[in-house]
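Hi,

Here is the structure I promised to pass on to you. My notes on what I found in it follow below the model.

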Amino acid sequence: MTDHEKHIKELRKRAMRLPMNPGVYIMHDKTGKIIYIGKAKALKNRVSQYFGSEKNHDKKVRRMVANVEYFEYILTDSEFEALVLECSLIKQHMPKYNILLKDDKGYHYIKVTAGPWPRISEAKQIADDGARYIGPYVSSWATKQSVDEALKIFKLPTCTRKFPQDIGKARPCLNYYIKQCCAPCRGKISEEEYNEGVAEAIDFLRGGSAQCVRQLTQKMEEAAEAMEFERAARIRDRLAAIKRMGDRQKVVATRVPEQDVIALAQGAGTSCFEVFRFLDGRLCDRETFLVGETGNPKAARGEFIERYYSMRDRVPPRICLDGVAEGMELLRDWLSQKAGRKVVLSVPQKGEQAKLVEMCRNNAAEQVAQATGRTVREASALDELGRLLGMEKPPIYIESYDISNLAGSENVAGMVVFENGRPLKSAYRKFKIKTVEGQDDYASMHEVMERRIREYFDAQGKNISDGFGRLPDLILLDGGQGQVSAVKPVLEAAGLQIPLFGMVKDDKHRTRAIAFDGGEIAIHSNRKAFTLVSSIQEEVHRFAIGYHRQTRKKSTISSTLTSIEGIGPSRAKALLRHFKMITAIKNADLEELCAVPGMTKPAAQKVYDSFHPEAEKS
């Protein structure tokens with residue numbers, strides 16, 4: 001037993017002596033620094049779990065436990081008090097292994113530059129530059145969105161050109177041609193007209209679209225009465241642009257006046273929480289938090305809600321989640337107390353709210369994709385597949401198996417690996433079936449999985465963490481319930497809990513459903529997951545068929561050689577190893593054939609005569 005194992009054993013002994021009371025536990029490293037703070041309904045049960053079998057922990061927890069030197073605890077009268085104390089201590093100590101969120105909610109401003117041809121932009125702070133600053137606003141996202149809307153509606157420039165000195169010096173940029181800029185650089189708009197547009201944009205930013213529409217409508221009517229038809233048409237176009245922008249915003253509107261929507265997307269080593277905040281039924285703010293590896297999604301959601309609302313004064317009456325959070329009732333009570341009114345925590349399954357959650361999750365998946373170098377489609381497909389199969393988190397590392405034979409002969413199997421939704425060809429493996437005679441795909445699949453699991457346990461003794469030394473997050477077999485039933489006992493006997501499913505094809509050899517031990521899951525309605533599973537099934541089939549053809553070809557060549565008198569399997573193999581191709585053996589002279597290990601001169605002569613019958617006759 002190593003020193004580390006002895007230390008963990010001692011920590012477990014101490015944990016088993018803890019009381020079954022609610023409280024907060026505090027983990028310290030060798031320097032005495034606090035590295036994790038947690039709460040528990042029963043301290044003994046919760047803390048002792050950390051120092052049990054590593055198989056029950058994800059990577060994040062294993063790393064934390066490996067750094068624990070000692071722990072301490074504080075008893076509380078209730079689990080609710082433990083939650084409040086935990087939030088306070090985490091805010092105070094910011095432990096490394098807790099989910100920590102950077103609060104970037106500073107003030108933001110709308111900047112209007114001084115002088116002729118003013119520009120409108122977003123600013124994080126007020127500078128002493130003579131510009132006019134409107135604000136402050138709390139939300140950076142909302143401020144930027146409002147500025148972008150105003151610039152598009154009133155066709156104001158976003159380029160770096162300076163006016164009036166750059167007027168007429170270059171062609172207009174793309175924004176002019178897509179009708180999103182009035183292009184002062186062309187010299188076709190007067191400074192007076194430009195300033196009028198800026199003034200209207202500021203009114204729009206200050207008063208909102210409804211007030212701006214009323215003001216512009218009045219101006220349009222006045223211009224029409226004064227027979228200023230060109231100006232009236234320009235105002236009409238601005239009103240139409242405001243309406244188009246409003247229609248676009250209805251996509252992210254909701255009948256619930258005030259609520260937050262929270263979704264989690266997990267990737268390899270990186271996770272993201274996305275928060276959509278709705279006020280007056282309209283998306284008013286959006287926040288993104290990249291938090292590294294989170295492990296169990298239920299625990300991660302619960303911890304995130306604690307951290308997030310510890311940083312926020314405003315708690316909405318409704319919070320929609322993309323999945324169940326750990327301790328939802330406790331969190332509901334805590335949030336209700338903090339808000340001074342009832343707060344509802346829900347996981348919507350259908351309707352408008354479910355669509356909002358899905359949109360929030362897709363945005364989180366995009367952030368993960370950008371952080372990990374994946375495409376949004378890959379990240380979303382893995383997330384969708386994981387939820388479809390009832391997995392706690394997306395399957396980052398997938399292994400898939402297929403059997404290939406011809407009427408039971410040359411029985412082989414192929415294994416392909418998909419990591420982060422992409423083929424990992426360096427991890428592909430080939431198996432030649434050794435214990436099964438004839439065509440028995442179930443028994444063949446059973447043998448392949450036994451050999452693969454055996455390789456995994458052998459690799460553990462050699463400290464190998466790649467290839468067979470790594471267990472997959474998901475196993476997909478090419479076949480239905482029969483294949484799943486044949487392989488499931490192998491995993492159970494090894495004590496491994498790896499999600500196992502089959503990939504079922506229809507009569508046109510297209511992926512139809514996912515099979516498990518007891519039924520099937522239709523996947524056609526889950527488009528991203530369907531595309532990913534279809535790709536995996538096609539790839540493993542291609543790989544297994546390719547290996548089978550290669551084996552048959554070698555077998556045919558080998559039988560051609562063994563039909564020659566004096567050439568058995570060993571000499572046939574030696575010839576193929578030496579010359580690589582049958583053509584090279586045919587073109588070899590007697591001396592070259594004799595040079596092959598294991599060949600005698602009479603045997604070499606027989607091979608030469610077999611390929612040169614005319615020489616034998618002469």
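Let me start with a glycine: at 49% relative accessibility, Gly495 counts as partly exposed (buried means under 20% relative accessible area, exposed over 50%, and partly exposed in between, with a 1.4 Å probe and protein chains only). Gly495 sits in the loop between H14 and strand S17 (500-505); helices (H or I, at least four residues) and strands (E, at least two) are DSSP runs, numbered from the N terminus. The C-alpha atoms of Gly495 and Asp203 are separated by 67 Å, and the two residues are 292 apart along the chain.

Before going further, please keep in mind that this is a predicted model, in which local features need pLDDT of at least 70 and side-chain atom pairs count only at pLDDT 80 or more, while totals for chains, interfaces and linings use all residues. Residues are numbered from 1 along each chain as its sequence is written, and side-chain values use heavy atoms, with hydrogens and water left out.

Helix H14 (residues 481-493) holds Gln483, which is buried, with a relative accessible area of 10%. A polar atom of the Gln483 side chain lies 3.2 Å from the backbone nitrogen of Gly480. That is a polar contact (a pair of N or O atoms within 3.5 Å; within protein, one must be able to donate a hydrogen and the other to accept it, and residues adjacent in sequence count only if both atoms are side-chain atoms). Not counting residues up to four places away in sequence, Gln483 touches Asp441, Tyr442, Met445, Leu477 and Asp478, where contact means heavy atoms within 4.5 Å.

Now the sheets. An open sheet of 5 strands runs in the order S9-S8-S7-S10-S11, with mixed pairing; two strands pair if DSSP finds at least two bridges between them. Strand S9 (282-292) and strand S11 (344-346) are the edge strands, each with a single partner strand, so one side of each has no neighbour in the sheet. From one strand to the next, the twist averages 15°. Strand S8 (residues 271-279) runs antiparallel to S9 and is joined to it by 9 bridges; Phe273 has Phe289 in S9 as its bridge partner. Helix H11 (residues 351-372) lies across strand S7 (259-266), S8, S9 and strand S10 (318-321), at about 40° to S7. For these angles, axes are lines fitted to C-alpha atoms, for helices over the stretch in contact, and angles run from 0 to 180 degrees between N-to-C directions.

Another open sheet has 3 strands in the order S2-S1-S3, with antiparallel pairing. Here strand S2 (34-40) and strand S3 (70-75) stand at the edges with a single partner strand each, so one side of each is left without a neighbour in the sheet. Strand S1 (residues 23-28) is joined to S2 by 6 bridges, and Met27 has Tyr36 in S2 as its bridge partner. Helix H4 (residues 79-93) lies across S1, S2 and S3, running at about 170° to S2. In the loop between S1 and S2 you will find Lys33, which at 55% relative accessibility counts as exposed. Leaving aside neighbours within four places in sequence, Lys33 is in contact with Met27 and His28.

In H9, Gly302, Ile305, Glu306, Tyr309 and Ser310 meet Leu331, Trp334, Leu335 and Lys338 in H10. Helix H10 also contains Ser336, which counts as buried at 17% relative accessibility. A polar atom of the Ser336 side chain lies 3.0 Å from the backbone nitrogen of Val343.

Lastly, some backbone details to look at:

- The peptide bond from Phe163 to Pro164 is cis, with omega near 10°, and Pro164 is in the loop between helix H5 (140-153) and helix H6 (174-177).
- Lys155, in the loop between H5 and H6, is not a glycine but has a positive phi of about 55°.
- Met227 is not a glycine either, and has a positive phi of about 60°; Met227 is exposed, with a relative accessible area of 60%.
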